[in-house]
Amino acid sequence: MGNDKKKNVLLKSGKIIDPVQGREFVSDIYIKDGIVSEIKEKIEIKEGSTVEINAEGCVVSPGFVDMHTHLREPGFEDEETIESGAQAAVRGGITTVACMPNTRPVIDSQSLVRYILEKSRESACNVLPVAAMTEGLNGKAITEMGLLTEAGAVAFSDDGKGIKDSKLMYEIMRYSTQLGALLILHEEDDFISKSGLVHEGHYSTILGLDGISGLSDDLMIARDIMLAVRSKARIHITHLSTKSGLEMIKKAKEEGVNITCDVTPHHLFFNDSCLTSFNTNFKVKPPIRSEEDRLALIEGVKKGVIDAVASDHAPHLDTEKNTTFKLASFGTIGLETLFSAVFSKLCIEEKMSLPKLIGFITTSPAGILGINAGKIEVGKVANITVIDTKAEEEIKKESFISKSKNSAFIGQKLKGKIICTISKGELVYRSE
Ligand SMILES: [Zn+2]
Ligand SMILES: [Zn+2]
């Protein structure tokens, strides 16, 4: 990766999806020296070093943007590294990820933001650092958000933890408003979620597992909407899990609050009946909730109340997952199955159009993050994903590229296979 001998690539006869215009058309694309140089019906190339890829019958999409992922570096390199996470991302057709700051040390200083950006330069996809809102995620002292923005932080989050102190949250919002910074909020009331393992409901009762009430998310969403009204902050609620949370966000949007939100593929795909398997890969935060919640989230995507789909890729070792439900770590990986999971659920099952779905994983998250990505444009660096939407694959543990294999989707048959990914102008992934 990162060599200067970029091979030219000719994508032949793919169906190009333009999520901005919501249209699709068949065309060739020629990528020369990493730049999209031509998009037209028939391109004949004579240059010897061109890799030709037959994309006939396949979909050609802008590279996906995943605005919520955990790459575990620095500090937990046995679970994932920036490099291994980037390789997993491009296998999933993702060419840009925003990575969360709950590493060790926490991304709360300019030097660590620069460290991530430096690593990003050598890695297979674009990696954008999200910096912490509080020092060391301590929930007490605000970080130097101005300096962190200057260093290149794309947004701020204390992901993994809710901010308990409402006054502090208000101060963070006021500061972010001055800077024009985006806050990505993990909404959890620790006092409510405390010893909880799964969604509090029918299944937590019959299985005898400690529950986490939807109130844990909802109380914080309600508070933060009120604080955002007062502070005029730009807030993004991540991994939305409850129907009631969605309703609050809908109302806030109607009232002109500067708020957006995302949902994960696993919250769209599963409901809490999955817990009967006692598979610890279903132990995630916020928990996979009831069918009523799941259906509401799907409606939320269809109606555009939800703005983006993000993986919340959370790598954990076998030793952290092959244990009791009580002791297992929270989280599922999600980079490599991001597209196939949502495509299978939303397009195949729920009949959503493909250009619309692609918008949720390209232009929309790019717009929220304020980055130039999610488009295929002549004259710009190529970030492109080719998908065979007819291919179906059973998800197998051993086929993951990610260092960790804790996927909630193992055993599922998913449609939509990534054929190749061109990221930062280079052909970085090709399926065999
Ligand atoms: Zn979170
Ligand atoms: Zn997360």
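## Two domains

Domain bounds here come from an automatic or database domain assignment. For this predicted model, that gives domain 1 (8–60 + 380–430) and domain 2 (63–369). Their centres, taken over C-alpha atoms, sit 26 Å apart. Domain 1 puts 36 residues into the contact (heavy atoms within 4.5 Å) and domain 2 puts in 51.

Together, domain 1 and domain 2 bury about 3400 Å² (accessible area lost on being put together, 1.4 Å probe, summed over both), with 61% of that on carbon and sulfur atoms. The rule picks up one salt bridge (Lys or Arg side-chain nitrogen within 4 Å of an Asp or Glu carboxyl oxygen) across this interface.

## Pocket between the domains

The second largest pocket (open 1 Å grid points for a 1.4 Å probe, protein on both sides within 12 Å along at least five of seven lines; lining atoms within 4 Å of a point) holds about 330 Å³. Of its 19 lining residues, Arg91, Glu336, Glu393, Ile395 and Lys417 are closest to the centre. Domain 1 and domain 2 both contribute to the lining, so this pocket lies between them.

By class, the lining of the second largest pocket splits into six nonpolar, six polar and seven charged residues.

## Largest pocket

The largest pocket comes in at about 540 Å³. Its lining has 30 residues, with Asn102, Asp159, Gly160, Lys161 and His186 nearest the centre.

## Ground rules

Residues count from 1 along each chain as written, while chains are lettered from A and ligands numbered from 1 in written order. Local features need pLDDT of at least 70 and side-chain atom pairs 80 or more, while totals for chains, interfaces and linings use all residues; side-chain values use heavy atoms, leaving out hydrogens and water.

Terms used:
Grid points are joined across faces, edges and corners, and a volume is the space filled by probe spheres set on the points. Ala, Val, Leu, Ile, Met, Phe, Trp, Tyr, Cys and Pro count as nonpolar, Asp, Glu, Lys and Arg as charged, and the others, Gly among them, as polar. Buried area is the accessible area (1.4 Å probe) that two parts lose on being put together, summed over both.
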